[in-house]
Structures are given as structure tokens and as C-alpha cells.
Amino acid sequence: MAMLISCNSTNKNNNPNLDGEYFYSEPSNLSYYIPQGFKDAYVETEVEFDSLIATIYHEEIKESLKLFYFSDSYSGPDALGAYYLYKEDSLNYTFLVINETEHIRLNDKNMESFIALRNANINNVAGDSTITIDLTDDKFTNQSHHQIMTTRGITTVNDDSFYWEYFLVSQFLQTYSVFTRSNTEFNFKPYIHTVRYGDKTAIE
């Protein structure tokens, strides 16, 4: 497995209210601030992906990551790389997928298409009485130096609930998405605002 992420130092100087550490993505030259305790992998081939899956024991993580890996978003011409981060114990799990793509400047029309696609996916399961989806956040921040599309919610299948978030971000002339899923309440939104340009893993 290609382990190309540097995740060996904690930097709280820029993020005094968040517990975490930076890891550095060389392809995009971006540093992502991630909560403590996550294992990580950068996957470029199906063999590496299979090796990653073999290290995970929660079936929910395995099946969700397979859906991501084999979707068009990772085989399209604008896909640059995908990072998988997860933590788990005997009861709980949380994972993140960060997907970097070629840069685009997001706009209101992108957000409308984004919401329409999201709603279409929700409508596909609307007839299933065992599934409910409650949206908790929809927002588009459109600034000159960054644009952030956010959608968050809770999905319940029978009596089993999980929290999910999806962020699409364009800044530093880079575009990336972050998807999170957890069977305990999880809020990655504050960490979206801590991404920095350049390698921030060195202790300042």
C-alpha cells in the first residue's frame, strides 16, 4: 500500500480550539487538519485498495468505501487522488474520504446541480419504509478566495442510524471533496476551514 501521507506531528497553533493534526498531500500541496486517531492510506491501484480493505473489520466501512472506490468519481478524467482515513473499535466507526480533482470555481449553478443530484438519490430510497434521511445542513459559501458546498444529514435504516457529511471545496486553486460517515455523532465542518496551502506538518 502506498502510504504517502505525512501525519507525524500535531500543530495546534493555527487551530487552538480543535484537537487534531495535519497531514500533507503532495499532489495538491495542501495540508488537511484531521481529528486525532485516524489511520490513513493513499490508494492508487485496486491492489492497494484491497490491502486497505483487508485491514478494516467494520463491514459498514468496507461496503461504503467500495461504493466510493468503484464509482465514476475515482475513474473520471478530473480525478487526481483519493485519501481514506478511518478509526474503529468494537462498537463504533468513523471514516473520511478526501478526493482531489482538477480545479474548478464553484458557483450557484453548481450548487443547484449538486442539490438536485442529492435529492434524486434521496428520492430513490423514498419508497423504502425501512430508510429515513433527515437533512441537517445545506449551505453554499461563495467567496472570492474560496467556495464551499455543504450538505449533512442522518440516515436511519431500520433502527440503525449513521451521520454523514459531504463538502465540496474550491480554494488555493485546488478542488477537493470530503465525505464522512460515522455511527456516532461526528462534526467535521470546523475542520474544513483549517485546510492550508503547503506542508504544515512540521512543528512551528
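This is a predicted model: local features need pLDDT of at least 70, side-chain atom pairs count only at pLDDT 80 or more; totals for chains, interfaces and linings use all residues.
1. Two strands count as paired if DSSP finds at least two bridges between them.

2. β1 and β2 (residues 30-35) run antiparallel and are joined by six bridges. Within this pairing, F23 has Y32 of β2 as its bridge partner.

3. Six salt bridges are found in a search of the whole structure. One of them joins the side chains of E59 and K62, at 4.0 Å from N to O. E59 and K62 are three residues apart in helix α2 (residues 59-69), which means that about one helical turn separates them. E59 is partly exposed, with a relative accessible area of 47%, whereas K62 is buried at 17%.

4. A salt bridge also forms between the side chains of K189 and D137 (2.8 Å, N to O). K189 belongs to helix α4 (residues 189-192) and D137 to strand β6 (residues 131-142), so this pair ties together parts that lie 52 residues apart in sequence. K189 is partly exposed, its relative accessible area being 25%; D137 is buried, with 14%.

5. In the salt bridge between E165 and R152, the closest N and O atoms are 2.9 Å apart. E165 sits in strand β8 (residues 160-171) and R152 in strand β7 (residues 146-157), 13 residues apart, and the pair links distant parts of the chain. Relative accessible area is 2% for E165, which is buried, and 16% for R152, also buried.

Terms used
Residues are numbered from 1 along each chain as its sequence is written. Side-chain values use heavy atoms; hydrogens and water are left out. Helices (H or I, at least four residues) and strands (E, at least two) are DSSP runs, numbered from the N terminus. Buried means under 20% relative accessible area, exposed over 50%, partly exposed in between (1.4 Å probe, protein chains only).
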